[in-house]
Amino acid sequence: MTTTMSIAGELVTEALGYDGGRHVTAYLPPRPPEAVLYAGDGQLVPQWGAALEAAADVPPTVVVGAHRAADETLRLHEYSPDFDPERFAAHEDFLVHDVRRWTRSRLGLALPAERTALFGVSAGGELALALGLRHPDLYSAVLCASPGAGYRPSGPLPTSLPRAYFVAGTQEPFFRENATRWADALRDAGADVVMTERPGEHGGAFWREELPLMVTWAFGP
């Protein structure tokens, strides 16, 4: 296990057995954690945990991210169930079982679904949606920024749905359309949904700034 210091906490990285050794990185806040986010794109997302600690009224939150595949096509196949269902299912099993088990055993963190959410950006937003709709008993909320269009609502949605918070930038109309499509479908199915548009473009700075607002909405101050 590799541990490095971030601005306001620790980043812990370890390789798990999936796909010949896929890394997982977690941001650990300096205060006792009250919530946990699970995400893809683990090379990037956990580093934003320090922004949560710096923001007012955000509960101390662990951010656990499974690293993405180096090949972008393989990443899309793992993140969206409609491209390669078998590959997606294997990655889903890794996140839902192996990564959560690692969080319990290595980080000593086992929080109920009410304090557990999924977070994703771009294609990772599709992953968060897919896992949230499949496992509402494990994740009470989906925090989805600028989702791609590889995974779209089709047919009746499940009767049990997580809460959902969408954000998209005014300078990314393609992704704003995808976020709105999902927000409308979930709202029509009876889910608690927030859809926010802000000035911004497709990229990390825009998503990082929104994350504290998302976490506060999901878990409260």
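These legends go with close-up views of a predicted model.

View 1. A search through the whole structure turns up 6 aromatic pairs. One of them brings Tyr38 and Tyr139 together, with 6.1 Å centre to centre and 75° between the planes, an edge-to-face arrangement. Tyr38 sits in strand E4 (residues 35–39), while Tyr139 is in the loop between helix H4 (123–134) and strand E7 (141–145), so this pair links distant parts of the chain, 101 residues apart. How buried are the two partners? Tyr38 has 9% relative accessibility, and because buried means under 20%, this residue counts as buried. Tyr139 is buried as well, with a relative accessible area of 1%.

**View 2. Tyr151 and Trp182 make a tilted pair.** Here the rings are 5.0 Å apart, centre to centre, and there are 45° between the planes. Tyr151 belongs to the loop between E7 and strand E8 (163–169), and Trp182 to helix H5 (residues 173–188), so the contact ties together parts that are 31 residues apart in sequence. Both Tyr151 and Trp182 are buried.

**View 3. Arg163 over the face of Trp217.** Zoom in on this ring and you'll find Arg163 lying over its face. The distance from the ring centre of Trp217 is 4.1 Å.

**View 4. The largest pocket and what lines it.** Its volume comes out at about 150 Å³. There are 13 lining residues, and the closest to the pocket centre are Tyr38, Arg100, Ala110, Leu111 and Thr116. Tyr38, then, is a pocket-lining residue as well as a partner in the edge-to-face pair with Tyr139. Which elements give two or more residues to the lining? Those are E4 and helix H3 (85–107). H3 supplies the largest share, 3 residues. Sorted by class, the lining has 8 nonpolar, 2 polar and 3 charged residues.

View 5. Strands E2 and E3 run antiparallel and are joined by 7 bridges. E2 is mostly covered, with 5 of its 7 residues buried. The hairpin has 5 residues between the strands, and Asp19 lies in the loop between strand E2 (10–16) and strand E3 (22–28). What is the backbone doing at Asp19? This residue has a positive phi of about 60°, although it is not a glycine. Asp19 has a relative accessible area of 43%, and since that falls between the 20% and 50% cut-offs, the residue is partly exposed.

**View 6. Asp41, another non-glycine residue with a positive phi.** For Asp41 the phi value is about 55°, again positive although the residue is not a glycine. Look for Asp41 in the loop between E4 and helix H1 (49–54). Is Asp41 buried or exposed? With 2% relative accessibility, Asp41 counts as buried, whereas Asp19 in the previous view is partly exposed.

Note on methods. Residues numbered from 1 in each chain as written. Predicted model: local features only at pLDDT ≥ 70, side-chain atom pairs only at ≥ 80, totals over all residues. Heavy atoms only, no water. Phe/Tyr/Trp six-rings, centres within 6.5 Å; stacked < 30°, edge-to-face > 60°. Helix = DSSP H or I, 4+ residues; strand = E, 2+ residues; numbered from the N terminus. Buried < 20%, exposed > 50% of the residue type's maximum accessible area, 1.4 Å probe, protein only. Lys NZ or Arg CZ within 6 Å of the ring centre and 35° of its normal. 1 Å grid on protein atoms, 1.4 Å probe; cavity = no way out; pocket = protein on both sides within 12 Å on 5 of 7 lines; lining within 4 Å. Points joined across faces, edges and corners; volume = space filled by probe spheres on them. Nonpolar A, V, L, I, M, F, W, Y, C, P; charged D, E, K, R; others polar. Pairing = 2+ DSSP bridges.
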